[in-house]
Amino acid sequence: MSLTNSNGVDWQAFRQELGEIAATDSPRMVKQKSRDCFWYSPILKRKLNDCTADILVRPRAREELKRVLALAHAHRAPLTLRGGGTGNYGQAVPLDGGVIIDMTGLNRIREIGADFVRAEAGCNLRSLNEALRAEGRELPIFPSTQRIATVGGFVGGGSSGIGTVRHGTLRDPGNIIELTVLSVEAEPKEHVFRGEAINDIHHAWGMNGVIVEVTLPTVPCEDWINCVASFADYETAFAAGKQLAGRKDLCFKLVSTVDARIAAYFKKLRARLGEDRHLLISLVAREDLDGFRALAEVAGGRLDLAMDEAELQAAELPHVFEFSYNHTTLQVIKADPSWTYL
C-alpha cells in the first residue's frame, strides 16, 4: 500500500523513483535537516518546532538535482532547499512537509580565476576561503557563520557580512558576478543571471529557482589580525567604530560594537577583558595594527586583544567575528537560554 500524507504525495512511489539518489525518510534525520536556527526567536520556536519534511534528499551532482526537481514537479511535492542551516528566520523549514534538498553534496570549486571564483552552491564558505588563500586571494564578503554556511545559502538568504564595511552588501553591483539557477518543471532548465538580473534571485531564499552555481569576485588576501578594543562607555566605543569605518588609510574588514552587558556573556573573552568594558571588534591588516591601536587610545580606549590565526588557535579562541553581528545572540544564549534578540 502506498503511503500519502496531508500534502497528498505518494512518498513510497517518490522514493522508488529516486533510484540511486541518496535519500532517507528516517524521522530523526529528516527532522534534524528540517531545522535552521529559528530557535533564536521564541515566537518562531513555537510556530516551527514541529515542522518537518517527509523525506531528505542529498543530490551529489547537477543531473541528480535535476532528477529530484523533475520528480517534485511530477508529484506536486513541496520543496525546501537547505545549505548549512545557519539562517535565523525559518527560511530552511518546510511548512507543509515535502522534500528537503540538502545541497551540501554539490560542493565543488569549479574554477579559481585571477579575480573571481566559481563554485557549486553547496560549497562550504570556510573551505572556499581556505582554497582561495592558497592562491593569495579571499572573498571580499563572507558571513560570520562561514564555518558551517554554504555559498548558495549565503547568496540565497544573506545580504551582508564580514567585509561589508569595505565592499558593500551582496546586492551592490559587482559583489555577485553570476548565478546559475535551475527551474522546477518537468524538464528543469538552467538559467544564468548576470548584472541587475542577479537581484531577481539573490535573497529570495530559493523560492523562485534553485541556485546551483555561484561566481563571486575575490580580492587580495590580507594578513588579518583579530582585534578587540575596549572602552569605558558604549557611546565612546561607537564613536571610535564610526571613526574607523571612515578611515581610508587603514585596511580593515569588520567594525562591530558590543555593549558591556552583552560582552559579559562572552566567556572565552572575559578573562582577557576588564569588567564592564564596551567593545569595538575588528579585523585589521597586520601593517595597520599600530594605526588601529592609536585610534582606540586617542578615543580613550585600549587594545585588549590582537591575534592572528595561529595565535587564536593556540589560545583556543574563535575568530573575533564570532562575537559580532548575530553571533552576539548565540554567545549569550550559550550562557543563558532565556535570552532573545530583544
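The model is predicted, so local features are reported only at pLDDT of at least 70 and side-chain atom pairs only at pLDDT 80 or more, whereas totals for chains, interfaces and linings use all residues. Residues are numbered from 1 along each chain as its sequence is written, and side-chain values use heavy atoms, with hydrogens and water left out. Helices (H or I, at least four residues) and strands (E, at least two) are DSSP runs numbered from the N terminus, and two strands count as paired if DSSP finds at least two bridges between them.

**The mixed sheet, S1 to S4**

- An open sheet with mixed pairing is formed by 4 strands in the order S1-S2-S4-S3.
- Strand S1 (22–24) and strand S3 (79–82) are the edge strands, and each has a single partner strand, so one side of each is left without a neighbour in the sheet.
- Neighbouring strands of this sheet are turned by 20° against each other on average, direction ignored; axes here are lines fitted to C-alpha atoms, for helices over the stretch in contact, and angles run from 0 to 180 degrees between N-to-C directions.
- Strand S2 (residues 55–58) pairs with strand S4 (residues 99–102) in the parallel sense over 3 bridges, and Leu56 stands opposite Ile100 in S4.

**Helices H1 and H4 on this sheet**

- Helix H1 lies across S1, S2 and S4 and runs at about 10° to S2, while helix H4 lies across S2, S3 and S4 and runs at about 170° to S4.
- The axes of H1 (residues 11–18) and H4 (residues 62–75) come within 10 Å and cross at roughly 155°.
- H1 and H4 are therefore roughly antiparallel to each other, a term used for angles over 145 degrees.
- H1 passes H4 in a right-handed crossing, that is, one in which the near helix is turned clockwise from the far one by less than a right angle.
- Ala13, Phe14, Glu17 and Leu18 in H1 meet Arg67, Val68, Leu71, Ala72 and His75 in H4, where contact means heavy atoms within 4.5 Å.

**The antiparallel sheet, S12 to S15**

- A second open sheet, with antiparallel pairing, has 4 strands in the order S13-S14-S12-S15.
- At its edges stand strand S13 (256–258) and strand S15 (302–307), each with a single partner strand, so one side of each is left without a neighbour in the sheet.
- Neighbouring strands of this sheet are turned by 25° against each other on average, direction ignored.
- S13 and strand S14 (residues 278–285) pair in the antiparallel sense over 3 bridges, with Thr257 opposite Leu280 in S14.
- Helix H8 (residues 234–245) lies across strand S12 (224–231), S13 and S14, and runs at about 20° to S14.

**Strand S8 and the cores**

- In strand S8 (residues 178–182), 5 of the 5 residues are buried, so the strand is largely enclosed by the rest of the structure; buried means under 20% relative accessible area, exposed over 50% and partly exposed in between (1.4 Å probe, protein chains only).
- Both faces of S8 are covered, with Glu178, Thr180 and Leu182 buried on one side and Leu179 and Val181 buried on the other.
- S8 runs antiparallel to strand S9 (residues 190–194), to which 5 bridges join it, and it also pairs with strand S10 (residues 210–217) in the antiparallel sense over 5 bridges.
- Leu182 has Glu190 as its bridge partner in S9, whereas Leu179 stands opposite Val214 in S10.
- Leu65 and Leu179 touch the most other members of the largest nonpolar core, which has 66 residues; such a core is a set of buried Ala, Val, Leu, Ile, Met, Phe, Trp, Tyr and Cys residues joined through side-chain atoms within 4.5 Å.
- Apart from it lies another core of 16 residues, among them Ile225, Cys227, Phe231 and Leu280.

**Two single residues**

- Ile101 lies in strand S4 and counts as buried at 0% relative accessibility.
- Leaving out residues up to four places away in sequence, Ile101 touches Val57, Pro59, Leu65, Val68, Leu69, Leu79, Thr80, Leu81 and Arg82.
- Tyr265 is placed in the loop between helix H9 (260–263) and helix H10 (267–270) and is partly exposed, with a relative accessible area of 23%.
- Tyr265 and Asp336 are 71 residues apart in sequence and 8.5 Å apart in space, C-alpha to C-alpha.

Methods:
Angles under 35 degrees count as roughly parallel, over 145 as roughly antiparallel, 65 to 115 as roughly perpendicular and the rest as oblique.
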